[in-house]
Amino acid sequence: MLCRLSVRWLRPRPALRVRVLEPSLARAPAGGAKRSALPVWAVASVSTAGPSGAGGWYEALATSAPVQGAEDVLLLAHTASGLPWWGSILLTTVALRGAVTLPLAAYQHYILAKVENLQPEIKNIARHLNQEVAVRAHQLGWSKRVARLTYLKTMRRLVSELYVRDNCHPFKATVLVWIQLPMWIFMSIALRNFSTGAAHSEAGFSVQEQLTTGGVLWFHDLTALDSTWILPVSVGVINLLIVEIFALQKLGKARFQKYVTYFVRALSVLMIPIAATVPSSIVLYWLCSSFMGLSQNLLLRSPRFRQLCRIPLTKLDSDTPYKDLLAAFHFKFISRKSRTF
């Protein structure tokens, strides 16, 4: 038996086959091949994005169906209108803002107006409920903590019933954000794909070539950065103007809203250097989108337009909203500063 075992273990084993993986060939293009016209930062960002690398999530987003849909919308607007690319970007932005975000913004104001009109009733309910809870707590010997929790739980239920009765839950007012923000992201990525030649459509590289001469004024090349910083600064200024309009409307509100206003102001300023690092086609879209947002905010202050959209009247509404806005701007930025000197 020992002999058999020894013979078995002494038998020559077959040699291990070692498979040598050849490194992937990264040959340089031949002498006659056309060199890529993409900027260095664009080539690096596209080439380093792998399905499992650090840029994998962005590559998945850039090739997603919503982004491809945004690319198709831009191509359709350019083909149907016959405008140069700067005009096609403006036309697409105005159309999307007018057809999608304007109705949603009107609906947002409709919900917020109904919520505002409920405030007197909510305050009345809170006052009576506070008295009832105090009496009940005295009768049953509740502690302050139990009385407080009972008040909050009952008040929350009664307010929810009011929202259901008038069909104006405040969460419905956030629909605009959930639609507008993704649309803004998808359009920005679609324009980046066009500008860098990374568009995942057959016309991708031809669009990039058209964008190089599709600009106007000082930004003829929509694939290049705006070295004058006029477009980035304009984006920041318009966004700050929108923030200040909301801030003037929210004077005297809670401290949390003031902190939110400070944060959005800082974000608007931060957008300036960010906009200076992306192609001019994207910054042009941002500028047009911000300008349309400012126009919509001013339009939704018009009493006639609010009446057309059947937005309920509130005690905060004014018959002369634009005069009041100019007066508030004058008081905050001119009169107050003149008094300090």
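Visitor: Which residues does UniProt list for "transmembrane region"?

Guide: The unreviewed UniProt entry gives residues 173-191, 229-247 and 259-276. UniProt positions follow the numbering used here, feature names are shortened, and annotations may be inferred rather than shown by experiment. Residues are numbered from 1 along each chain as its sequence is written. Keep in mind that this is a predicted model: local features need pLDDT of at least 70, side-chain atom pairs count only at pLDDT 80 or more, totals for chains, interfaces and linings use all residues, and side-chain values use heavy atoms, with hydrogens and water left out.

Visitor: What makes up residues 229-247, helix or strand?

Guide: That span is 95% helix and 0% strand, with its end C-alpha atoms 27 Å apart. Residues 173-191 come out at 89% helix and 0% strand, and there the ends are 29 Å apart. Helices (H or I, at least four residues) and strands (E, at least two) are DSSP runs, numbered from the N terminus.

Visitor: Why is asparagine 193 called buried?

Guide: Buried means under 20% relative accessible area, exposed over 50%, partly exposed in between (1.4 Å probe, protein chains only). Asparagine 193 has 1%, so buried it is. This residue sits in helix H7, and its side chain reaches the backbone oxygen of alanine 62 at 3.2 Å.

Visitor: And why is valine 216 partly exposed?

Guide: Its relative accessible area is 24%, so it lands in the in-between class. You'll find valine 216 in the loop between H8 and H9. Valine 216 and glycine 87 are 129 residues apart in sequence, yet 9.1 Å apart in space, C-alpha to C-alpha.

Visitor: What makes a set of residues a nonpolar core?

Guide: The members are buried Ala, Val, Leu, Ile, Met, Phe, Trp, Tyr and Cys residues joined through side-chain atoms within 4.5 Å. The largest one here has 35 residues, and Leu74, Trp85, Ile89, Phe194, Leu222 and Trp286 touch the most other members. H11 brings the largest share, seven residues. Apart from that core lies another, of 16 residues, including Leu118 and Tyr151.

Notes: Polar contact = N/O pair within 3.5 Å; in protein donor to acceptor, adjacent residues only side chain to side chain.
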